[in-house]
Amino acid sequence: MRAFRIDSHDTTASLQEIAAPAPAPGEIGVRIKACGLNFADLLMLKGDYQDTPEPPFTLGMEVAGTVETLGEGVERPTVGSRVAVFGGHGGLAEFGCFPTDRSVVLPDEMSFTDAAAFQIAYGTSHVALDHKARLQPGETLLVLGAAGGVGLTAVEIGKLMGATVIACARGADKLDVARKAGADHLIDAENDDIREACRALGGVDVVYDPVGGDQFKAAMRACRPEARILTIGFASGDVPKIPANHLLVKNISVLGLYWGGYLGFKPKVVTDSLERLIGWYTDGKLKPHVSHVLDLEQAQDGLDLMRARKSTGKVVIKID
């Protein structure tokens with residue numbers, strides 16, 4: 001089978017021919033139809049992601065496809081089932097084997113492309129806003145990186161949860177994407193003063209931050225008392241240092257969120273969240289924004305789009 005792999009962190013990932021794996025006990029073998037790309041894939045290339053496997057390995061964290069084989073002890077999902085799986089890696093290939101308890105059976109109306117763009121982005125935002133920050137109707141939510149893979153879903157989910165949403169992104173085109181996703185107010189990170197723009201709107205109760213750096217600092221200064229700041233990631237490359245005395249004075253909480261980590265210590269948080277999210281999808285309340293759909297041969301192009309900040313929402317690799 002074909003797989004987009006990295007042999008070491010000193011080499012460039014490439015499309016290779018390798019033997020198709022067989023499912024181990026507790027695993028399902030999936031004929032992969034689509035794989036969603038994530039910022040974490042870029043970190044894995046350098047060995048900087050917290051769950052990077054030892055090379056060589058196949059990139060691609062989340063997939064959608066059809067169950068083709070079952071490992072020992074597995075009865076469900078049955079062969080032929082349409083599933084989405086968060087595997088952590090192994091998705092940029094024609095076939096993959098994944099733990100069955102990481103699979104979700106898809107509703108008939110969900111395409112493989114939508115499913116491959118769904119789990120991590122929507123799951124991260126829903127667990128962050130609902131389980132961690134306890135976002136309440138009527139509160140004000142600031143979303144940084146609001147046109148990116150996770151940021152855009154935070155805009156959608158924040159609106160569904162009844163918040164007033166301020167979307168911050170770079171440039172008019174990206175802000176228009178956030179506006180169409182439901183944002184009430186827009187801040188251009190290239191030209192606007194984030195702190196002053198938020199304070200002019202009365203301040204913020206929850207900050208959703210996949211960016212870090214100077215944007216984190218500006219957002220923290222715009223927080224109301226008892227605000228919650230969600231640290232989702234550091235796309236800027238700058239991990240901010242948090243002055244604890246500022247947290248004390250304004251009674252602010254900073255909450256870290258690594259969605260995949262819940263699968264190891266509290267998986268019901270993830271499964272309950274995905275059940276709610278898929279219900280919202282089937283009700284027509286969520287629609288993944290996929291800016292690029294590329295072939296497996298173009299996997300490197302997809303990663304380059306994310307690295308250069310030229311994508312909005314998700315980039316999905318289709319695999320025939």
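A search of the whole structure, which is a predicted model, finds five aromatic pairs. Rings of Phe, Tyr and Trp (its six-membered ring) pair if their centres lie within 6.5 Å; planes under 30 degrees apart count as stacked, over 60 as edge-to-face and the rest as tilted. Local features need pLDDT of at least 70, side-chain atom pairs count only at pLDDT 80 or more, and totals for chains, interfaces and linings use all residues. Residues are numbered from 1 along each chain as its sequence is written, and side-chain values use heavy atoms, with hydrogens and water left out.

- Phe 118 and Tyr 281 pair edge-to-face, at 5.9 Å centre to centre with 85° between the planes.
- Phe 118 lies in the loop between α2 (112–116) and α3 (119–132) and Tyr 281 in helix α10 (residues 267–282), so the pair ties together parts 163 residues apart in sequence; helices are DSSP runs (H or I, at least four residues) numbered from the N terminus.
- Phe 118 is buried at 2% relative accessibility, and Tyr 281 is buried at 9%; buried means under 20% relative accessible area (1.4 Å probe, protein chains only).
- Phe 118, Tyr 122 and Tyr 281 form one aromatic cluster.

Key. Helices (H or I, at least four residues) and strands (E, at least two) are DSSP runs, numbered from the N terminus. Buried means under 20% relative accessible area, exposed over 50%, partly exposed in between (1.4 Å probe, protein chains only).
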